[in-house]
Amino acid sequence: MTYSFTVMSHIFLDYSLFKMVIIAYNTLPFSDIPLSSTSWSDKIWSIFFLCILCAFVYFIYSEWGNDGKISLQDSKLKEVKKELGFIRAALRGMNPSKIEVKEEKYELEKKGKSNFELSFLDIPRDWPSESRELLNLFSNQYNIKNSEWFREEQCFLSEYLNKPLLVICSMSMPDNEYIMRKIEYFAENFSENSNSINTIIAIKSLSSDHNSININEKLIKVYTKGFLLNNLINFNEYNDYLTTQFYKSEIYDGDEYTLNDVYVESSGVFTNIDNKSNDTVINNVEEYLLQWARSKKNEEQIALLGDYGQGKSVLSLKFANELIKSDINKQPIIIELRGKSPRNMPMEELIAAWAYRFNYNVTSILTLLKEGKLIVILEGFDELDMVGDKLRRLEHFKKLWEFARYKKSKVIITGRPNLFLNNEEARDYLHLQNKACSTFHVKAVKLEPFCKEKIRLSLRNMPQKVSKEILYHYELNGDNNGFADLVSRPSTLFQAGVIWDSLDKSNLNSSKIINSFIEHAYKRQAEKLLSISGSSLESPVLTPRERAYFMLGVAVGMVNYNGYSNQISGKELSNIVRKLFHSIPQECSQDHHSCTKELSERLESDAFDSVFNDVRTSGVLVRDLTSYDSFKFAHKSFLESLFSTFFKYKVKPDSQYEEIVFNTISTALSLDDIYSLKFSDEVISHITDNLINKGQEFGDYESRLLLESLSKKSILIDKFFYKEYFKLTTWSYIRLILLFSLASLYLFKYSSHDLFFSPSNILLFMMLSITLISSIDFIRDIEKKNVQPAIKIWCRACTVLEYDYSTEKVLSNRFVNQSSQLYFVDKIKNLLNKFRNN
């Protein structure tokens, strides 16, 4: 609107933007700059740029949709299928202070209504076509074509090992006379000896007493649909892999514990993800899942939810192993979603990414899915790639739910519910209790924390001293210091047990446990490599300190590249390690026995290759087998904890060494502002645990000190734009002074003339004021977005330490409440990304 007025003044009053700037300067008590008139070509260019701007604004208006904030009037009009209109919206937008924004409490709760409707993908098939496809998938030797179908005889006549192959299709087992009549017909009409024709009988009925029959000393194979489906793929290799992962493989290399050693049945609750306390308890989730798998209620799917470390992945693996051993005729397959982007992948490609390791046929897997022979476990929806945008999350879940779009499908989807923006989005995207849906509905099961008895059972194979001490601290502290929450999660309970003897027992929290476990992993790996080398002088490639430096940098680089998907390609990993290698400070090598040699000096030849190999194989990184040439941290919490440690090095370094490491990694990875990276809720939780100790003294002074260490800029923004003094903010006073000063300058300049009240000067005055104020407001919003993570960390720290920040002694409530409401800037970015992708 401001620019429109500028163009109008240019055309009708001969005031271009450049000319207005000169006029504004001439109002000051300095020598005037001479003015010149503008040409019509300049005016045409102004109109041209105005048209481009209008088109861009209209594009934003038309694509705004329902994702961004809308006014209450807009909402009421949409309820009666009306729209405000572009012109009226523009006029109302000229006075934004009077626009009442529609908040969530005014939103209409449309229960059971999903954001996307799905229909079943099943297509009715005739048995001959179905049997032909099944036989071709069953054996590569069969190549039966559609053109080889004889409709009158209900048979295929193909070839098998250079001999005629007759396939008799029947709904049930035909009698011997019928079979011989078909064989003799084809032998007579195609000049073949009846004994030379290989014959197969394909029967649709799922059960049959015959695998083969003998008629007149001729062996005839009998294949039922059930037999073909059960033998379409040999899953023995995959089942052995699942068994090895749970019963034989060490959880972390060198600790000598398997998942079976620490596994305990999890309890859970059915939940609709709302604030109502009507959740039904499930004492044994594993047993419930087996009952669900056995049930013939095929149109009910499961969403297995839980916070980090609550055992979702382990439970999925245990359930898959129990399903294999049971008499339930269904094959489990676990498809890890880590780093995947389903919205850009057809379902076949997702299956192919899983199947390529075992050389399984994708079409055969799809056939088994359609026939209800599989239970598909989609593991870790919170680790998907590109989930920051609501529209992308929706597209991801539309693709994932395609696995459930067959009438016989059984699907389990697992992940952390905090991926979703709010409960409404979670219910919609997970299809919870969607009674209006014509296809399937979903039951959400939320895993519950371990109770004392489950904690004891999980520690059954740990040293008795460790088990007793952990249970003692659990009873002693209860919820104090968060210890109960820490050991009630299977993942952090195991980590605490492994390193318990060397752990500082004061102020225990999950972040301290994970950090200590990672340090333990570094030292254990160094000891292991030393024992292999046979001499303390033949040390591994990297010292524990150097390995910690590289792992910290890899975690930061991974977040920078892919967010918290916990996946990085080999090429990206190599690029990060190379940058870190060339920048590693000498301080990182001080724990080497030589004390003085830098890393590059110690490794005379193939230095980088040796370091890269050590980082890949001897840290807490493991190869991600779900995709080609990718790596991940052994547990997602390692990534979050390492990034939190890096942040702590910036805000509250305990030594000069930590400050050096932070600056080195930031420079090597070209990280100018750490707040430009994404901060998940788990990372904010870990950062808070790193920065504070529960029970410490925390008053107004300590609160302000913490906020200053996090972001001094946030205090300045609050003081300038949000904190009120006599009902007005500092920025409000400055705006009033600015307007008064401009008016005074004009009045002083033209006090002896009548020009001051001329339309052109009034328009110029308005233009300059609006442009300046709007520019500063826009900069404020951008800076406010940059300090959002700092405000969230500060607020959580205050909550944990029971400090009431609503007293406004440090930050105003307006700033705290509005620090996450930057819908316009985010919406512009999303629209630009959408435009670029199209």
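Predicted model: local features only at pLDDT ≥ 70, side-chain atom pairs only at ≥ 80, totals over all residues.

User: Is Lys 248 buried or exposed?

Analyst: The relative accessible area of Lys 248 is 61%. Exposed means over 50%, so Lys 248 counts as exposed.

User: Which residues is Lys 248 in contact with, leaving aside its neighbours within four places in sequence?

Analyst: Contact here means heavy atoms within 4.5 Å. With the neighbours within four places set aside, the contacts of Lys 248 are Thr 243 and Thr 258.

User: How are H26 and H28 oriented to each other?

Analyst: The axes of helix H26 (residues 636-651) and helix H28 (residues 681-691) come within 8 Å and cross at roughly 50°. Angles under 35 degrees would count as roughly parallel, and 65 to 115 as roughly perpendicular. H26 and H28 are therefore oblique to each other.

User: What is the handedness of the crossing of H26 and H28, and how do the residues of their contact divide?

Analyst: The crossing of H26 and H28 is right-handed. The residues of this contact divide into six nonpolar, six polar and three charged.

User: Is Lys 648 buried or exposed?

Analyst: Lys 648 belongs to helix H26, and among the residues it touches are Asn 690 and Leu 691. Its relative accessibility is 10%. Buried means under 20%, so Lys 648 counts as buried.

Notes
Residues numbered from 1 in each chain as written. Heavy atoms only, no water. Buried < 20%, exposed > 50% of the residue type's maximum accessible area, 1.4 Å probe, protein only. Axes fitted to C-alpha atoms, helices over the stretch in contact; angles between N-to-C directions. Helix = DSSP H or I, 4+ residues; strand = E, 2+ residues; numbered from the N terminus. Parallel < 35°, antiparallel > 145°, perpendicular 65-115°, else oblique. Left-handed = near helix turned anticlockwise from the far one by under 90°. Nonpolar A, V, L, I, M, F, W, Y, C, P; charged D, E, K, R; others polar.
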